[in-house]
Amino acid sequence: MEKLSFTLADRLYEYPCFELYQQFRPEIPVVFNEVLENRIDVDFSGEALVLTAVEKGEVVLQKEYDYQKKPLDKQSFKGFLYLFLCELFGHTLDWGTMTGIKPVKMAHNLLKEGLSPIQVKQNLMEKYQASEGKIELITGIAQREMGIIYPLSRKKVSVYVGIPLCIAKCAYCSFISTVADKKRTIVAEYLENLLYEVRLTGHYLKEKGIVADTLYIGGGTPSILDETQLETLLTALDEALDLRCLREYTFEAGRPETTNRRKLEILKAHGVDRVCLNPQTMNADTLTAVNRNYPPQAILEAYDTIRHVGFESVNMDLILGLNRESEETFMSSLDQVIALRPENITIHCLAVKKGSAIKTATGRQVENPYSKVFCADIQKELGRKGYRPYYLYRQKYTQGNGENIGYCLEGKEGIYNILMMAEKQSIIGIGAGSSGKLYVPETDRFDRIFTVKDVKTYNERTENIMGKKMAQYEAFFNDRV
Ligand code: SF4
């Protein structure tokens, strides 16, 4: 099937149709109101809602939803469509009608309302028709995260500093990062503008008496900065922000060939206490295939240096599905990473998104080469070795509809990751592509502050961008702290 059309008069229901259908058939593009021979007609015009699936011009399934029995809203529509699609495709989905990227938040909110973990599970299973395994997983994570998220404080924020610059583009990456020129001129220019933002934002927060709860320097590849640049940035952050109450300071030294002992010593001297070294795979062929041109040995050596410099918290990412690796190949990477005993291991499911070389080469390719049993085995293996899930999020276009899960050794949760997903604390985003969130406790919602993603534009318009951001901060914080 080339594409599928939903025909429906009410635009309100278009997105639920698209979202849910994509969970079943991510490889099929969805369009609306085109009379194709493969379509699902959604008819609200009579006394009942009628769903009709048409394949090659023939009706293959038809169901009615009686408004008299239960009034129709978005959630009940989704539930009805979900059952319809289950029947059409002959299988259920582990996540049921949960299509959001932060399912743990739902469990948090119910726990916060005072429901017991058992009640939370029952409530979510009934509402979203998700599998017991997934609901158990998110409820367990939510329970463990509560002590890290609460109590809330208006005077605390997390700060994210983005350095969306890389030495080369990984084939799977859809993130808007700029590959630096040979002379690294763009890195120097970016740093200059980033420092301007760090100082302006930091001094504003300090004036308001707002302290940093966690600080995260992410990328791109922040370790692209040379030693002098790194020292300059970290000194500026020390001076600009109030770091006296900092619970966690993370630095992404993602690619091993960009880091060295001196850089790590600089990080250590400035109080960084969590370093990310992200192998993605320990397989040499896969590394080459995804344009990470270093041998697995480089990862082991970088890890060794990180430990020698004295870091007690290290995160390592692996991606499930790179280069269509076999289950054995992935397990071999996992075993090698576990043997190193990093405090955190994050398992991502490959998401094939627009902007990545894989997507450009293959089109919409999200078929899943792994069985459900294998995915469960990964969790079991990590559990056997003392790692338990501490945060989880979902992405669109992931292979097999999988989720990304962060695992940690006892008491070694990555705090920023939890706070960012929980959305109960303001996140101050600094730098190109950073996405800030200003949390409003009264409404349990947040205002977003976006910063232009492209480094070149950021460099050209820093003052203008900062003028707008500072006005947004002032409008938000002025009468709140
Ligand atoms: S995956 Fe990371 S290191 Fe690779 S290109 Fe994307 S941002 Fe850069």
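This is a predicted model: local features need pLDDT of at least 70, side-chain atom pairs count only at pLDDT 80 or more; totals for chains, interfaces and linings use all residues.
Residues are numbered from 1 along each chain as its sequence is written, and side-chain values use heavy atoms, leaving out hydrogens and water.

Back to that helix pair. Two packed helices are described by the angle between their axes and the distance between the axes. Helix α6 covers residues 185–207, and α6 packs with α7 at about 10°, the axes being 8 Å apart. (Axes are lines fitted to C-alpha atoms, over the stretch in contact for helices, with angles from 0 to 180 degrees between N-to-C directions; helices, H or I of at least four residues, and strands, E of at least two, are DSSP runs numbered from the N terminus.)

Who does the touching? On the α6 side the contact is made by V187, A188, L191, L194, L195, V198, R199, G202, H203 and K206, and on the α7 side by Q229, T232, L233, A236, L237, E239 and A240. Contact here means heavy atoms within 4.5 Å. Sorted by type, these residues give 10 nonpolar, 4 polar and 3 charged. (Ala, Val, Leu, Ile, Met, Phe, Trp, Tyr, Cys and Pro are nonpolar; Asp, Glu, Lys and Arg are charged; the others, Gly among them, are polar.)

Now take another pair, α5 and α14. At what angle do α5 and α14 pack? About 100°, with α5 at residues 132–149, α14 at 415–422, and the axes 10 Å apart. That makes α5 roughly perpendicular to α14. From α5 the contact uses E145, I148 and I149, and from α14 it uses I415, I418, L419 and A422.

Let's zoom out to domains, with bounds from an automatic or database assignment. The chain gets domain 1 (4–89), domain 2 (103–148) and domain 3, which comes in two pieces, 151–273 + 415–481. The C-alpha centres of domains 2 and 3 are 31 Å apart, and 5 residues of domain 2 contact 9 residues of domain 3.

Next, the ligand. Which residues are around the ligand? Look for C166, A168, K169, C170, Y172, C173, F175, S177, G220, T221, R255 and R292, each with a heavy atom within 4 Å. That shell has 6 nonpolar, 3 polar and 3 charged residues.

G220 from that list comes back in the backbone story. A cis peptide bond joins G219 to G220, with omega about 5°, and G220 sits in the loop between β9 (211–219) and α7 (227–240). There's also a cis bond between Y150 and P151, omega about 0°; P151 is in the loop between α5 and β6 (156–163).

While we're on backbones, let's look at phi. N33 isn't a glycine, yet its phi is positive, near 60°. N33 lies in the loop between β2 (30–32) and β3 (39–43), and at 43% relative accessibility N33 counts as partly exposed. (Buried is under 20%, exposed over 50%, partly exposed in between, with a 1.4 Å probe and protein chains only.) N291 also has a positive phi, about 70°, without being a glycine. Find N291 in the loop between α9 (284–289) and α10 (296–309); its relative accessible area is 29%, so it is partly exposed.

Is R274 buried or exposed? Its relative accessibility is 2%, so R274 is buried. R274 is in strand β11, residues 274–276, and 140 residues away in sequence is G414, with the C-alphas 8.3 Å apart in space. Skipping neighbours within four places in sequence, R274 contacts several residues, including Y216, E248, N344, Y390 and G414.

T97 is buried too, at 1%, in the loop between α2 (74–89) and α3 (103–112). Beyond residues up to four places away in sequence, T97 touches L20, Q75, K78, G79, Y82, K127, Y128 and Q129.

And R445? That one is exposed, at 60% relative accessibility, and it sits in strand β18, residues 445–450. Setting aside neighbours within four places in sequence, R445 contacts L438, Y439 and V440. R445 and E301 are 144 residues apart in sequence and 44 Å apart in space, C-alpha to C-alpha.

Methods: Angles under 35 degrees count as roughly parallel, over 145 as roughly antiparallel, 65 to 115 as roughly perpendicular and the rest as oblique.
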